[in-house]
Amino acid sequence: MKYLITKPIFAIIACLLGPLALQGISHFSSEPEVVLGHGDTAVLQAAYERWREAYENRGGTQSLLRLPIAHSKGISTQTSKASGLVELNVLEGSLAVSVEGLEQGEYELWLVDNKQGASVKPENGDGWLPVGRLSGAAPHLVSKLDREKLEGFGLDLVVLTPAGKRPDEEILIAGSVGLMQRLYYGDQLWAMAGVGQELRPANPEAPFGFLLPKLAYAGAGVQSLEQVLGEQIAKGRKIFIKEDFDGNGRTCASCHRPDNNHTIDPKYIAKLPKDDPLFVAEYNPDLRELEKPQLLRQFGLILANVDGFDKPGVMRGVPHTLALATSIKTEISKEHGGKGEFAQDEAFANALGWSGDGSPGTGSLREFAIGAIRQHMPKTLARREGLDFRLPTDEELTALEAYQLSLGRDKDIDLSKLNFKSPWVERGKALFDTKENPLVGGQVVMGETANCNGCHQNAGANSSTTGANPTRDTGVENMRDQAARWVDQTLPVDGGFGQKERHNCGPKADQTCYGENRFNTPPLVEAADTSPYFHNNSVNSIEEAVASYNGDSFNNSPGSLTSSAHDRKVKLESSQIVAVALFLRSLNVLENIRSSNKLDDQAGRLNLQNGREMLKLAMVDTADAIRVMKEGALIPFPQALTKLESAWDCEQKALKSAFPMFRNPWLKKAQALKGEARDLMVTSKP
């Protein structure tokens with residue numbers, strides 16, 4: 001009845017105001033709008049291009065699929081330190097596998113085709129095929145595939161089971177096919193098509209090409225890569241925000257809030273209602289030990305069993321997921337052909353979490369979701385699969401991967417091309433953009449540099465030496481008087497990367513921890529509006545974060561030396577700390593402007609309801625830019641601040657507009673004002 005009432009009203013409005021008044025109203029459209037939120041197809045495309053280059057440099061081709069396999073908390077039914085590599089040649093129909101770390105015994109390798117909509121873990125009804133056997137004594141296998149037996153089979157998973165066990169009974173190690181491989185090996189040659197180009201038919205000459213992983217998409221006929229990526233991002237965003245995987249009510253967005261830079265902090269937490277799923281440990285007796293509520297509310301810390309559920313959990317902040325695609329490349333050690341001195345094992349696909357090894361299995365972003373569901377979303381701490389939560393499907397994992405890799409910037413800023421109009425901010429950039437202390441007359445001179453560039457090249461999250469995300473021991477766990485430990489003195493020391501048991505941890509080197517005391521470096525472009533800082537939220541403001549490197553905990557740590565043992569100890573004056581912090585604040589403001597203008601663009605293309613949702617997110621970014629400027633106390637760009645405040649007022653007027661024809665001019669004005677603010681800050685645009 002509501003439709004019958006409202007339809008004539010819209011018709012009358014259309015007559016009075018013209019057809020433009022109804023732009024964006026979707027009541028009469030059968031095609032749902034693609035809502036990306038902070039996601040961006042161009043960002044995902046750029047991430048894909050980087051992945052493709054790295055994959056092909058390591059030997060992957062259109063005819064040779066390379067897939068790492070390792071223990072997975074979500075898929076494996078027993079623990080194992082074994083890991084390996086599977087290579088599938090679709091021209092020759094051959095498969096080769098090599099595994100390290102197998103215990104003595106016989107094992108069976110299987111190819112798995114999960115049925116659509118089913119759990120990522122093999123179960124009754126899925127297709128699977130044994131390929132051959134290997135053993136602890138002979139951990140290598142080369143097998144020729146039978147095309148007739150595999151006809152109609154699509155590869156989703158490779159698993160290794162004890163001999164005599166099916167994949168639905170017992171799994172030792174596994175490897176799943178991710179988003180990038182599905183793009184690379186899809187029905188169309190995604191790798192040959194750019195955004196806006198049509199997709200082309202795959203090479204029909206590969207006899208076993210049907211095995212290669214495919215990316216499912218809803219559209220019919222020929223689509224552009226941009227359309228396909230957009231569909232995956234929108235689907236992943238919906239899952240990220242709304243899907244609780246039959247668990248305790250939490251979703252990915254419970255901790256990674258889109259309206260708070262995809263993270264949480266004590267100020268944001270204080271605004272949430274008492275029954276928010278984030279606080280499930282407070283009102284559900286079965287989950288009272290899922291979190292430490294006092295530390296969650298006071299410091300924004302969540303409990304993470306990064307070393308296994310049989311060991312004490314550690315307390316960590318929630319890292320934001322913005323510009324994730326720029327910060328997850330792992331360092332490869334020199335013995336594996338890379339430049340890293342302190343590298344993760346080559347089996348780790350991505351550097352994730354605060355210690356770079358936050359994802360189970362092969363360490364991929366795809367598998368990170370599996371670990372997060374088991375850790376943060378169960379109905380009880382028994383964490384029984386199928387009862388306390390459900391595992392995601394292949395399609396859900398692919399879409400989640402697409403959404404997360406599409407967030408934020410598509411590349412780091414080239415600081416050499418960025419000139420600030422404030423000499424004080426320029427000085428902060430100069431202090432930041434160095435790698436080690438200078439030598440004068442054979443003596444190290446301190447106080448002339450902040451030495452940030454070595455681990456944060458171009459204010460990103462990558463090493464200037466390796467070009468990848470480093471894990472380093474910078475002494476954070478050795479800081480004296482950490483607030484969270486004064487509130488709860490039973491907290492264990494967080495050992496960071498790895499699981500090696502040590503007994504010389506903490507400020508007094510007298511506690512037990514698991515790991516090598518190494519943590520990965522986060523991107524700094526977004527740092528000023530994503531406080532608190534470090535993996536344990538031990539530092540409150542960006543100024544305090546910069547100042548912390550003056551302390552003994554850093555200057556006595558292995559991180560105070562470069563890989564070639566050059567000195568990069570820090571000793572900054574208070575005024576220099578302010579200069580570096582203002583530089584980082586200014587970078588953050590520029591990123592806020594870029595992000596909010598992209599969201600304004602999206603809002604202007606959508607219907608009124610979806611457009612308002614995007615506009616609210618844009619306004620959060622604009623407000624963040626204003627806040628980041630004002631919280632610095634010293635304001636080097638007062639005129640830019642005025643422009644930003646005026647832009648927010650325009651966005652507020654757009655939000656109140658009843659029709660897109662009234663809304664969009666205010667959006668355009670807001671974007672123009674933010675562009676003017678940016679031009680008042682820099683002479684070249686990042």
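Accessible areas here come from the Shrake-Rupley method with a 1.4 Å probe, and for residues only the protein chains shown count as cover. On that basis, the protein chain has an accessible surface of about 29,500 Å², with 52% of it belonging to carbon and sulfur atoms. This is a predicted model, in which local features need pLDDT of at least 70 and side-chain atom pairs count only at pLDDT 80 or more, while totals for chains, interfaces and linings use all residues. Residues are numbered from 1 along each chain as its sequence is written, and side-chain values use heavy atoms, leaving out hydrogens and water.

**The chain as a whole**
- Welcome to a chain with 18 helices and 16 strands (DSSP runs numbered from the N terminus: H or I of at least four residues for helices, E of at least two for strands).
- Of its 686 residues, 57% count as buried (under 20% relative accessible area, 1.4 Å probe, protein chains only).
- Take the contacts (heavy atoms within 4.5 Å) between residues at least 6 apart in sequence: 65% of them join residues at least 24 apart.

**A look at N350**
- N350 sits in the loop between strand 10 (314–316) and helix 9 (365–376).
- With a relative accessible area of 15%, N350 is buried.
- The N350 side chain reaches the backbone nitrogen of L365 at 2.9 Å.
- Beyond neighbours within four places in sequence, N350 contacts I328, T330, G356, G363, S364 and L365.

**Helix 11 and helix 15**
- Helix 11 (residues 423–432) packs against helix 15 (residues 574–605) at about 100°, with the axes 7 Å apart (lines fitted to C-alpha atoms over the stretch in contact, with angles from 0 to 180 degrees between N-to-C directions).
- The two helices are therefore roughly perpendicular (65 to 115 degrees).
- Residues making this contact include W424 and F432 of helix 11 and F583 of helix 15.

Note on methods
Buried means under 20% relative accessible area, exposed over 50%, partly exposed in between (1.4 Å probe, protein chains only). A polar contact is a pair of N or O atoms within 3.5 Å; within protein, one must be able to donate a hydrogen and the other to accept it, and residues adjacent in sequence count only if both atoms are side-chain atoms. Angles under 35 degrees count as roughly parallel, over 145 as roughly antiparallel, 65 to 115 as roughly perpendicular and the rest as oblique.
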